[in-house]
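Subject: Structure handover

Hello,

Here is the structure I promised to pass on. Please look it over before reading my notes.

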Amino acid sequence: MPVPASYNDITQDPTLRDFIGWVWYEREVVVPARWIADEGTRVVLRVGSAHYYSVVWVNGVKVTEHEGGHLPFEAEIGSLIRRDPTGPCRITIAVNNTLTLETLPPGTIQYMNDSTRYPDGYFVQNINFDFFNYAGIHRPVLLYTTPKVYVDDITVETNFMDNTGLLRYKVSVNGGGNNTLNVALIDKDGHRVASSNKPSGVLRVVDVKLWWPYLMHENPGYLYSMEVHLTAVSESSAYEDVYTLPVGIRTVNVTSTQFLINNKPFYFHGVNKHEDSDIRGKGLDWPLMVKDFNLMKWLGANSFRTSHYPYAEEILQMCDRHGIVVIDECPGVGIKDIRSFGNASLSHHLVVMDELVRRDKNHPSVVMWSVANEPAAELLPAKFYFKTLIKHTKALDQTRPVTYITMTNYDRDQGAPYVDVVCVNSYFSWYRDSGHLEVIPIQLNTQFENWYRKYQKPIIQSEYGADAVAGLHTDPPVMFSEEYQSALLQSYHDVFDQKRKQYVIGELIWNFADFMTTQGIFRVVGNKKGIFTRQRQPKASAFILKRRYWRLANEMFSN
């Protein structure tokens, strides 16, 4: 079984495609002899992500376990492999994709006990989200080393005054000893522009080059390199650790009507995506990643949301370099059952946000956290749940706004008072009033006015769209045709153009590309709301969006 990849579509076995339960990965590796010989070297096993519950053994000894997919986990294994320095290193990872009411995303297992209709022990995994529940080890599994005294974490917060950049930093060191730190900020030309020898402080950058979004500045995605050089001396050893962190200097602020990047109004014209493709499912795929970035830049998109879970770190690194703005979403999708608002669920959700913020806090491309997608926010327990969750997230990171994505009616949403930006999903003329495009101007305008009148916060249309089967054409437009998808988008855009002059700060199409879902009578081999096919070929709507996004970009750039 290849890693990284979802295991579901790799074989011809239908039971593996829809399998729920434990799968086992095992591999023997040869560890470099110098890693084993040097007891001053930490050897770390790192798993980029696995869906959803993982237990890891090395040479038969359990070293760690982790609950939840999409985020990395690791364990120090040096002492284990040194027990038998001449033997191989056997890594075993058991992964279970079962979803319960207390997991993220949640789900339920339903047993079918009618022996006249189902075999003995038959069960199904019920979910409340509209994408395929791919499973396996989705991101790389790595062995890496550090000294015993090492740089454990770095936190940066950036600001600027006039032409001086301000980079507040904190370096955490693990392992003890007498430490000496040297911190240097290097520009793209290799020049040292600021330095310090303290574990925390503020670096000042004269004539700073700010990090700007794609199509908002002639030099988007400018990154400095923050080089942290640690030396440590103990009674018998000396250790040296070096870590380089790409840093973009920029600010994010929200008013009642605007989203500001570097004190200038930013309008999100972008996409929602999925980590999804033929054969490898949710597995990390470099060629596909680069293709998607080329398509987004061709489209004139300046942003996307990581619907509905954290994406690979490599994707965020690409966003930093290319100036693509990110709304970073945790796996809180499908929280519909009132039992998923209990203390156990909330505790796990808080841990997931801890892991997400720790991983992604230093990416300049990440401008907002999303703690959930389309929860049952009308339920009374949702008030305490989201008040606690949003407060916790803001305590973790005071430099970014926090939101969640709602489809709840504006006057029943228990969590909306606590978000910084209102993000609304709506599918007028699709799931409701199907086929009646004429209602979109009235209903969308009413939606915006109701939300803004009640909360006085800027609004992003975080999802809208329609399914279109590539190559299906009808005139007059009929649902599922390319013409209907195009006409629906145009009707939304007309209202966006009215409201973006007031308090609407963004529009994110659902979806960038067609993606796989569970089988059902409403989905013909997946969700077809993409403006590109699953193979990344454009539908007619892609060209409509391209013309619009480049027009919006030209307006923003000229201002």
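This is a predicted model: local features need pLDDT of at least 70, side-chain atom pairs count only at pLDDT 80 or more; totals for chains, interfaces and linings use all residues.

Residues are numbered from 1 along each chain as its sequence is written, and side-chain values use heavy atoms, with hydrogens and water left out.

Salt bridges first. The structure has 31 of them, each a side-chain nitrogen of Lys or Arg within 4 Å of a carboxyl oxygen of Asp or Glu. One joins Arg-46 to Glu-74, with 3.9 Å between the closest N and O atoms. Arg-46 sits in strand β2 (residues 41-47) and Glu-74 in strand β6 (residues 73-76), so this pair ties together parts 28 residues apart in sequence. Strands are DSSP runs of E, at least two residues; helices are runs of H or I, at least four; both are numbered from the N terminus. Arg-46 is buried, at 18% relative accessibility. Glu-74 is partly exposed, at 37%. Here buried means under 20% relative accessible area, exposed over 50%, and partly exposed in between (1.4 Å probe, protein chains only).

Arg-359 and Asp-360 also pair, at 2.6 Å from N to O. Both are buried.

Helix α10 (residues 540-558) holds Arg-551 and Glu-555, four residues apart, or about one helical turn. Their salt bridge has its closest N and O atoms 3.4 Å apart. Arg-551 is partly exposed at 36%, and Glu-555 is partly exposed at 31%.

Asp-241 lies in strand β18 (residues 238-247). Its side chain reaches the backbone nitrogen of Val-151 at 2.8 Å.

Last, the surface. Val-469, Leu-472 and Phe-480 form a nonpolar patch there, with about 220 Å² of accessible area together. Patch residues have over 30% relative accessible area and no salt bridge; like charges are joined within 9 Å, nonpolar side chains (Val, Leu, Ile, Met, Phe, Trp, Tyr) within 5 Å. Areas come from the Shrake-Rupley method with a 1.4 Å probe; for residues, only the protein chains shown count as cover. Phe-480 is in the loop between β28 (459-463) and α9 (482-499).

Best wishes

Notes. A polar contact is a pair of N or O atoms within 3.5 Å; within protein, one must be able to donate a hydrogen and the other to accept it, and residues adjacent in sequence count only if both atoms are side-chain atoms.
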